[in-house]
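Let us read a new structure together, one feature at a time. Have the sequence and the model open beside you.

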Amino acid sequence: MATLRELKTRIGSVSSSEKITGAMKMISSAKVHKNEQELRKLQPFRAQLQHIMGHILASDATFESPLIESKEVRKIAVVVFGSDDGLCGAYNMNVFKKLLEELNRLHETFGNDVDITVIPVGRKIAGAVSHIVSDSIKSKPVAGVDSKMAPEKVDAFTMSLKDGFTGDEYDYVEVVYMHFHSISRQRATVETLFPVKPEILLGNQDAAGKKESGRMYLFEPDANSIFNEVLPMFVLSTMQDITIENRASEQAARVMAMQAANDNAKKLNEELRLEYNKLRQQSITTELLDILGGQVER
């Protein structure tokens, strides 16, 4: 049975843990709100790009781009976003499970002979990916690319993927990440980066595009030039959006993990204090009985 001194020490440790988890929750909450603001700033830009391309696709103009060209799939790149830090609950595990599901789907769709290169973004997910390397699945971490990289680094990384696709290094490029809905809800998602699908370019304009299909447009210099200028910008904005959503999801998962840890610490603290008070009351009662016993003997 624990002594009063031991219980007091344990109560102090649990109280310190409660304060630490509470502080970490507040920090992660602030980071979630910051990422939400960045998403709101990015969305109008991406929506405007979709609007421009929607007009081009709805017109009778002809256009072509190597970024929308479908190829015979033999080499696939799968970018998987995780975290560099821990204490975020089952966040990385959920992303990893989605990655395994997607790898199985790719093999079923394109055959077991397809070569898959997994590009992990984040130290934690890179460690998990290293355990599934095989003859058909390779891991290719990129130096300087992590879950905390600056927007300029995100753009450079995206352009390297574009060059890999147009340069026949990859025939198909996907991204596995955690889509952010709210602090309490995130969903592991797979998005095709290359080739770019026309339905993604249209976004929510599909119905409007059909209504405007009969209109005449004048493009300067020409529709194809505008399309090839705007399309890479759309891909860059997509990757920026994915990166920010992934960060927001990581911090949201950390908020929930710290909340759970804080609740457990409070519950344990209450139990320890109850045990401490019982033991202290028992000790006082014993001392009183000893005093009374001594008086009776006199």
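Q: How many cavities of 30 Å³ or more does the structure hold?

A: Rolling a probe the size of a water molecule over the atoms shows where empty space is left. A cavity, on a 1 Å grid over the protein atoms alone, is a set of points where a 1.4 Å probe fits but cannot get out. The structure holds one of 30 Å³ or more. The space in this largest cavity is about 60 Å³. Here a volume is the space filled by probe spheres set on the points, with grid points joined across faces, edges and corners.

Q: What should I know about the model and its numbering?

A: This is a predicted model, in which local features need pLDDT of at least 70, side-chain atom pairs count only at pLDDT 80 or more, and totals for chains, interfaces and linings use all residues. Residues are numbered from 1 along each chain as its sequence is written, and side-chain values use heavy atoms, with hydrogens and water left out.

Q: Which residues line the largest cavity?

A: Lining residues have an atom within 4 Å of a point. For the largest cavity they include Glu191, Pro195, Phe234 and Thr238. Strand S5 (185-194) and H7 each give two or more residues to this lining. Helices (H or I, at least four residues) and strands (E, at least two) are DSSP runs, numbered from the N terminus. The cavity lining divides into six nonpolar, two polar and two charged residues. Ala, Val, Leu, Ile, Met, Phe, Trp, Tyr, Cys and Pro count as nonpolar, Asp, Glu, Lys and Arg as charged, and the others, Gly among them, as polar.

Q: What lines the largest pocket?

A: A pocket is an open set with protein on both sides within 12 Å along at least five of seven lines. About 360 Å³ of space lies in the largest one. Its lining has 14 residues, with Lys31, Asn35, Lys148, Arg247 and Gln251 nearest the centre. Helix H1 (4-58) and helix H7 (223-297) each give two or more. H1 has the largest share, seven residues. Eight of the lining residues are charged, four polar and two nonpolar.

Q: Is Ser249 buried or exposed?

A: Buried means under 20% relative accessible area, exposed over 50%, partly exposed in between (1.4 Å probe, protein chains only). Ser249 has 0% relative accessibility, so it counts as buried. Ser249 sits in helix H7. Contact means heavy atoms within 4.5 Å. Beyond residues up to four places away in sequence, Ser249 touches Tyr91, Met178, His179, Phe180 and Gln186.

Q: Which residues touch the most other members of the largest nonpolar core?

A: A nonpolar core is a set of buried Ala, Val, Leu, Ile, Met, Phe, Trp, Tyr and Cys residues joined through side-chain atoms within 4.5 Å. The largest has 32 residues, and Phe81, Phe157 and Phe194 touch the most other members. Among the elements that supply at least two residues are H1, strand S1 (75-81) and helix H4 (151-166). H7 gives the most, nine residues. Phe194 is in contact with Leu67, Leu161 and Val235, among others, leaving aside neighbours within four places in sequence.

Q: How many helices and strands does the protein chain have?

A: The count is seven helices and five strands. From the N terminus the order is α-β-α-β-α-β-α-β-β-α-α-α.

Q: What are the spans of the C-alpha trace along its principal axes?

A: The C-alpha trace spans about 115 × 45 × 30 Å. Buried residues make up 42% of the 298 residues in the protein chain.
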